[in-house]
There are 2 protein chains.
Amino acid sequence: MANLRDDALIQIGQKAKDAEISLRTMGSERKNRSLLQVAEGLIHHSETILSANQKDIDQAKENGMAQGMIDRLLLTSARIEAMAEGLRQIAGLEDPVGEILGMKQRPNGLLIGQKRVPLGVVGIIYESRPNVTADAFGLCFKTGNAVILKGGKEALYSNQAIVQTIQTALEQCGVTPFAVQLITATDRSVTQEFMKLNQYVDVLIPRGGAGLIQAVVNNSTIPVIETGTGNCHIYVDESADLDMAVDIINNAKTQRISVCNACESLVVHEAVESKLLTALKKKLDEHAVQLRGDEKARDVLPDITPATEEDWGTEYLDYILSIKTVSSIDEAIAHINRYNTGHSEAIITQNYANAQKFLDEIDAAAVYVNASTRFTDGFEFGFGAEIGISTQKLHARGPMGLLALTTTKYIIYGNGQIRP
Amino acid sequence: MANLRDDALIQIGQKAKDAEISLRTMGSERKNRSLLQVAEGLIHHSETILSANQKDIDQAKENGMAQGMIDRLLLTSARIEAMAEGLRQIAGLEDPVGEILGMKQRPNGLLIGQKRVPLGVVGIIYESRPNVTADAFGLCFKTGNAVILKGGKEALYSNQAIVQTIQTALEQCGVTPFAVQLITATDRSVTQEFMKLNQYVDVLIPRGGAGLIQAVVNNSTIPVIETGTGNCHIYVDESADLDMAVDIINNAKTQRISVCNACESLVVHEAVESKLLTALKKKLDEHAVQLRGDEKARDVLPDITPATEEDWGTEYLDYILSIKTVSSIDEAIAHINRYNTGHSEAIITQNYANAQKFLDEIDAAAVYVNASTRFTDGFEFGFGAEIGISTQKLHARGPMGLLALTTTKYIIYGNGQIRP
């Protein structure tokens, strides 16, 4: 049985490698036409996709899945239209593949430059939302990559229907259907083997919760792009405009609580703590935000919950905010560098030197002066698409657009040069 | 005991993290002055380093180490001078840290750019040559990174003496000595734990043979920059200038056989095979290169060894060359994409379309037209330094200079923006 499984995965890997070659040299026009055709296909086959999704929903209900999870799993005509619209938007983006960077002539006459090329075969491991299936295909296809998808067991019927629809549309365009493949085996051992398919897969991107991402980081021998959790801080400096601070903290905490760029912890200079917390509490009470403060914060707001060591390291993804008091910007920076997850950090200040110091010394993917951490997002940054937000330092850091799905190769034009 | 070991590693990790903060914001002038001081220190403490090296050499001889390996391990006054000169050269290179890339204003007024910053803490696992110790320190320090070194057991005394010398010189400059640390524990289990020190180490770079690199790729949970092996091909097209072809093949095969950018396999179009092989054999006979050919190659040169399937995938690092006959450029490209290791590949041709086709379709870090594969090298590419040659696609591909030891972070200047 183990061998059979291996064989199936290896076949998928081999087909992706074969597809990679034609995708690598496919022009933007043809890729864009195919994306539009796939969008049409999704609309055209809505009924098939919806009835496959119904099977997943029925099974989820039988298994007693929580309503919130079922909502994530559910497809509707509107959601299929949104998937198609997403593909149309990707078709409209500029294709990064083929750009030549920094071509220069060396003293020996060699002309050396870097050409932007697809990564090759991208593996994506993700959880419940079936819309990721179309989205991941679109981003990978636009950048000339073959993609192998491993979705969650709970969305298997939906994902199969979506992938089959995409493959059919690709074939109608004369494009290899193996540009996208779905691993349908559902046992964990297959996922484990997939994470070691270095011979066929160039990069693995996990999309989902912290548990999934950690499992991939720990088990994959394929290079991983880690899209991570966000324990984001806002530091209110001694010199801050406190009205601005309250607005920004309120926005970063409550505009959407379940996302990685939401603010989880307030760090506040003791000189402005009393004034800030009094005004802030009024605002956050509108959303019933629970505050958890250190001793000095509780001197100002005696009724709030005491913060423990554990709070400093927790990404709540909830209407909860921890409050840490500091007596200097250095203490604030040290605290944030110790507890943050390398995602998004902000300072609110009117002091020029402190703004620059914070930008210099904070170690995170995105560091803000006087703005909400909620802006860390591929669309807000102007990329027109987002694969995820990288919290690691290699290859891509911060919001990832199409560029993150490409690499470069050196191309060298010679006329007979040999090395002396 | 396991706990003790853990503790020692964690302390090293923690000290590196602490050092990272001051290195991140250290100006180029101070870094360059310190590098020059370290170079002086190495010269000044030559005697101490040489006598430590003697202990390693004595032990190696006792253990019956091969003469070639002992040569790699041996330090001399001249080799220490070369280490110092390497550091002086690194001091003279431009510092990539601090550059701001692509700063743009968004419609909402946010000013968003990417600042080039150090990776943080770099781990390097390497084998015998003690000069790597100074070299790796120099490259990491110049780019503002703290480095944790794990050298081979056989070079322990030498590496300790070199690291202590560096640390002393750094302290004299008022710089934290923990910018460089050496793991002195020699059991394998410590190396295993080191490869999972994600909390403290941002990237792991193995430098050494294929076995070492594979072990790190398979066991590390820290992101790895893979510097790999090179099974490099030269394809001689139907339209090639055959004199040029012979010169380039001879250079790529024999100029230095032990390196990853040496040519291991000749792929030749059948239309020119007879003429090429006859001329080539004459040239390669001067170096007693053993040829291993397929059937058609042996029709031309009946006395050469038959090539087996295994030959196509072998990096000889020796005076051996395999020969594969093809009847089209497509067949050549398919063969090379199947067996290459993603390092360096060359076409010899006078045909414009074939040159472009080869550049487009070959999947490798460096693709050449009419030049020797031996040019794939950080110095030859004009980087002034080289950490290694990456054969993976993430982060850095091909020869890696100082840039490969940096990452970016987004810096965002706002004036109160919140997300609608």
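This is a predicted model: local features need pLDDT of at least 70, side-chain atom pairs count only at pLDDT 80 or more; totals for chains, interfaces and linings use all residues.
What does each chain bring to the contact? Chain A gives 55 residues and chain B gives 56. On the side of chain A that touches chain B, at least two residues come from each of helices H1 (2-24), H9 (210-219), H10 (242-254) and H15 (352-361), and from each of strands S13 (366-371) and S16 (406-417). S16(A) makes the largest share of that side, with eleven residues. Sorted by class, the side of chain A holds 25 nonpolar, 18 polar and twelve charged residues.

S16(A) also pairs across the boundary between the chains. Five bridges tie S16(A) to strand S13 (residues 366-371) of chain B, and the two run parallel. One place to look is Gln417(A), which sits opposite Ala371(B) in S13(B). Within its own chain, S16(A) pairs with S2(A) over eight bridges, this time in the antiparallel sense. Here Ile112(A) faces Ile412(A) in S16(A). S2(A) (residues 111-118) is in turn joined by four bridges to S1(A) (residues 100-105), again antiparallel. In that pair, Ile100(A) has Lys115(A) of S2(A) as its bridge partner. Five residues lie between the strands of this S1(A)-S2(A) hairpin, and Gly109(A) takes a positive phi near 95° there.

Now for a sheet that draws on both chains. Ten strands form an open sheet with mixed pairing, in the order S10(A)-S9(A)-S11(A)-S8(A)-S7(A)-S12(A)-S13(A)-S16(B)-S2(B)-S1(B). Strand S10 (305-306) of chain A and strand S1 (100-105) of chain B stand at the edges with a single partner strand each, so one side of each has no neighbour in the sheet. Further in, S7(A) (residues 232-236) and S8(A) (residues 263-269) run parallel and are joined by five bridges. Ile234(A), for instance, is bridged to Leu266(A) in S8(A). Helix H14 (residues 329-339) of chain A packs on this sheet, where it touches S7, S8, S11 (320-326) and S12 (344-348) of chain A. The direction of H14(A) makes about 140° with that of S11(A).

Chain A has another open sheet, with four strands in the order S5-S4-S3-S6 and parallel pairing. Its edge strands are S5 (180-182) and S6 (203-207) of chain A, each pairing on one side only. From one strand to the next, the twist averages 20°. S4(A) (residues 146-150) is joined to S5(A) by three bridges, and the two run parallel. Helix H7 (residues 156-172) of chain A lies across S4 and S5 of chain A, at about 155° to S5(A).

Helices pack against each other as well. The axes of H10(A) and H11(A) (residues 270-285) come within 10 Å and cross at roughly 45°. That makes H10(A) oblique to H11(A), and the crossing is right-handed. Among the residues that meet are Leu242(A), Val246(A) and Ile249(A) from H10(A), along with Val272(A), Leu276(A) and Leu280(A) from H11(A). The residues of this contact split into nine nonpolar, one polar and three charged.

Over in chain B, the axes of H3(B) (residues 46-62) and H7(B) (residues 156-172) come within 7 Å and cross at roughly 160°. That makes H3(B) roughly antiparallel to H7(B), and this crossing is right-handed. The residues in contact include Ile49(B), Ala52(B) and Asp56(B) of H3(B), and Tyr157(B), Ala161(B) and Thr165(B) of H7(B). By class, the contact of H3(B) with H7(B) has six nonpolar, five polar and two charged residues.

Note on methods. Residues are numbered from 1 along each chain as its sequence is written. Chains are lettered from A and ligands numbered from 1 in the order in which they are written. Two residues are in contact if their C-beta atoms, placed from the backbone, lie within 7 Å. Ala, Val, Leu, Ile, Met, Phe, Trp, Tyr, Cys and Pro count as nonpolar, Asp, Glu, Lys and Arg as charged, and the others, Gly among them, as polar. Two strands pair if DSSP finds at least two bridges between them. Axes are lines fitted to C-alpha atoms, for helices over the stretch in contact, and angles run from 0 to 180 degrees between N-to-C directions. Angles under 35 degrees count as roughly parallel, over 145 as roughly antiparallel, 65 to 115 as roughly perpendicular and the rest as oblique. A crossing is left-handed if the near helix is turned anticlockwise from the far one by less than a right angle, and right-handed if clockwise.
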